[in-house]
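Work through the exercises below with the sequence and the 3D structure side by side, and try each task before reading its solution.

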Amino acid sequence: MPVTDATAKPDSQLAEALQDLDPGRRYRVAFSGGRDSTVLLHALRTLRPELALDVMHVDHAIQADSVRWAEHCREFCRHLNLDLDVQCLEPAPASGSLEAWAREQRYQRLTQNLDEGQIILTAHHRDDQVETFMLNLLRGSGVEGLAAMPRSRVLGAGILLRPLLHLDAAIIAEYAAKHALDFIDDPSNASLVHDRNYLRHKIIPLLSERFPHAAENIVRSASLLAEQRDEVAHEDCAPLSLEALRAQPVPLRNRNLRRWLRAQGFAPPRYRMLDELWRQLLAGSDDAQPVVCWPGVELRRYRDRLYAMSPLAPAPSVSWSVAESGACEWPSGGHLRWSIPGARNVRIASLAGGETVRLGGMRRRLKILYQGASVPPWKRLREPLLWSGDELLAVGNRWRCDEGHSFEWSWDVD
């Protein structure tokens, strides 16, 4: 690999774009093998060699040369002394948008087995932002769509970051040429069948010829719209009232849902999902508990409230015999510590049903306590219970037996 000269213009601009990356974190780089991701990976390795990188290539099995492309990516990573994780997809479905399917599958693979808070890096740049704005404008999008791509957003258990989003494609091309980088040229990028390519090759050059600062101004408009969107987003991230949502006109309901989700760091659903989403969440009996999912998000209903969360792992079903004192990790998250001097048959278990706890001299059923406290069922199933013999001593961080026992118990959980 060529030696990097950090004083050259493209190198200095790439170095500036990457300077805020924290060396204490781990990064997963989306590497297609194309020019943009090749430049990103090379710049990361040569300008920020101290960063911990995982590299993933998704083989969509769309192009005949996809296997050869994957091998090219492996060879490039070998030159950089990096391992490459190649994810191979099943053949695309016969119907529907091939581009949308590929994008959804790609992000699903990129979020697999992520550590909490791990950062995914993609090579989107300013020209991609212009194209996204134009596509959304032609689709009749509102503020959400015209704000285009954010520099960062929550994605699965991690964070998606686009460090090159403010850079012109010409800078990236100049960097690739300066370092003589070998990259894949996907022939589908030249096909005018795809709307994005038509804008890229036909419409945007024509606009730029007439309006030399078109790209710069479009990006500025997208940024201003993003600021407007964030200003009106709900600061209160409490669960939404379904009764209030039912009373709202559909466009207002959709807008409020999207703002509420973004205020919590979640990507909103695609518009085509909304009709089915409302059908599931607003219909049914009051005790129904539907779940609507899309990548990185689950919407759950409990009573008259709508809750948003990252996808939940399966609830634990455990009953551990433990010493009278100790500490351990709880499967649903958090760290447990306990001490019950002189106790025998100490257990830590998940909810099984039918449990009671002694409070204020009375034995109370957990089910009734949970209902009275409006604790959703998915939270109940993920809370640890501390037992001494047949006596339930503590329920998560909610209730503790207050009669005849001296013990210490804590569940440190976010």
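**Exercise 1. Find the bridge partner of W387 in β18, and then describe the sheet around that pair.**

Solution. In strand β18, W387 has L392 as its bridge partner. The model is a predicted one, in which local features need pLDDT of at least 70 and side-chain atom pairs count only at pLDDT 80 or more, while totals for chains, interfaces and linings use all residues. Residues are numbered from 1 along each chain as its sequence is written, and side-chain values use heavy atoms, with hydrogens and water left out.

The next step is to look at the two strands, where β17 (residues 385–388) and β18 (residues 391–395) run antiparallel and are joined by 4 bridges. Strands here are DSSP runs of E with at least two residues, and helices are runs of H or I with at least four, numbered from the N terminus; two strands pair if DSSP finds at least two bridges between them.

**Exercise 2. State the strand order of the open sheet of 6 strands, and say which helices lie across it.**

Solution. The order is β3-β2-β1-β4-β6-β5, and the pairing is mixed. Here β3 (84–88) and β5 are the edge strands, each with a single partner, so one side of each has no neighbour in the sheet. From one strand to the next the twist averages 30°.

Within this sheet, β1 (residues 26–30) pairs with β4 (residues 119–121) in the parallel sense over 3 bridges, and R28 has I120 in β4 as its bridge partner.

**Exercise 3. Determine how α1 is placed against α2, and which residues meet.**

Solution. The axes of α1 (residues 9–18) and α2 come within 10 Å and cross at roughly 80°. That makes α1 roughly perpendicular to α2, a label for angles of 65 to 115 degrees, where under 35 would be roughly parallel, over 145 roughly antiparallel and the rest oblique.

In the contact (heavy atoms within 4.5 Å), D11, L14, A15 and L18 of α1 meet V39, L40, A43, L44 and L47 of α2. By class, this contact has 8 nonpolar, no polar and 1 charged residues, where Ala, Val, Leu, Ile, Met, Phe, Trp, Tyr, Cys and Pro count as nonpolar, Asp, Glu, Lys and Arg as charged, and the others, Gly among them, as polar.

**Exercise 4. Describe how α5 and α8 cross, and sort the residues of their contact by class.**

Solution. The axes of α5 (residues 126–138) and α8 (residues 195–210) come within 10 Å and cross at roughly 100°, and the two helices are therefore roughly perpendicular to each other. The contact is made by residues including D128, E131 and L135 of α5 and R196, R200 and L207 of α8. Sorted by class, the residues of this contact are 7 nonpolar, 1 polar and 5 charged.

Key
Axes fitted to C-alpha atoms, helices over the stretch in contact; angles between N-to-C directions.
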